[in-house]
Amino acid sequence: MSATKLSGLNVQHDPANTDHEDDPATDPNGFVATLRRIGTGAAADGQPWHERGLSSGRCLQLADADCTLAALRAVGEMALANERTRQNASPEQCIGDRHMEGLLMAVVALTTLASERVQGQR
C-alpha cells in the first residue's frame with residue numbers, strides 16, 4: 001500500500017528528495033532564477049546594480065566587479081588562513097606550495113578582472 005492510500009498516516013518527506021510540483025524557474029531563490037539574475041547583471045548580493053542613471057553595460061561591468069571583489073576576498077581569506085596556519089600549526093596542516101601558488105595566481109587574476117570592470121571601456 002502506498003503512502004497516498006493511507007489517509008490517517010502522517011508522512012513527512014525529505015525536502016531534498018521530493019518532486020516539486022511548481023516550476024523550478026519560478027522560485028526566486030532557485031538555481032535557474034539565480035542564473036538568470038547573474039546573466040542580467042546581478043551583483044555579489046544577487047541583486048541588480050543599485051545605481052541609477054548608468055547604461056545597462058556599465059551596470060553589468062560594475063556588477064561583475066562586485067562579484068569579482070567578493071571572490072577576491074574569499075581567496076585572500078584562504079591565503080591568510082594558510083599563512084596563519086603555517087606560522088602557528090604543524091606543517092601537515094598547511095596546504096601545499098602548489099595550492100598556495102594557485103591561490104595567489106587567483107588573487108592576481110581576480111584583481112586584474114575587477115580593475116578592468118571598474119575602469120570600463122577606454
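Residues are numbered from 1 along each chain as its sequence is written. Local features need pLDDT of at least 70 and side-chain atom pairs count only at pLDDT 80 or more, while totals for chains, interfaces and linings use all residues; side-chain values use heavy atoms, without hydrogens and water.

The secondary structure consists of three helices and zero strands, in the order α-α-α along the sequence. Helices (H or I, at least four residues) and strands (E, at least two) are DSSP runs numbered from the N terminus.

Confidence is given as pLDDT, the predictor's value for each residue from 0 to 100. Its mean over the chain is 80, and 78% of the residues reach 70 or more. Where pLDDT is low, the predicted coordinates should not be read in detail.

Of the 122 residues, 18% count as buried. Buried means under 20% relative accessible area, exposed over 50%, and partly exposed in between (1.4 Å probe, protein chains only). The chain exposes about 9,600 Å², of which carbon and sulfur atoms supply 54%; the areas come from the Shrake-Rupley method with a 1.4 Å probe, and for residues only the protein chains shown count as cover.

A nonpolar core is a set of buried Ala, Val, Leu, Ile, Met, Phe, Trp, Tyr and Cys residues joined through side-chain atoms within 4.5 Å. The largest one has six members: Leu72, Val75, Ala79, Met100, Leu103 and Leu110. Helix H2 (56–88) and helix H3 (97–119) are the elements that each give two or more residues to this core. Leaving aside neighbours within four places in sequence, Ala79 is in contact with Met100 and Leu103. Another core lies apart from it and has five residues, including Ala43, Cys59, Leu62 and Ala63.

Ala65 is also in helix H2 and is buried, at 2% relative accessible area. Not counting residues up to four places away, Ala65 touches Ala114, Arg117 and Val118. Its C-alpha atom is 9.3 Å from that of Thr111, 46 residues apart along the chain.

Gly96 is in the loop between H2 and H3 and is partly exposed, at 32%. Gly96 and Asn82 are 14 residues apart in sequence, with 9.4 Å between their C-alpha atoms.

How values were computed. Contact = heavy atoms within 4.5 Å.
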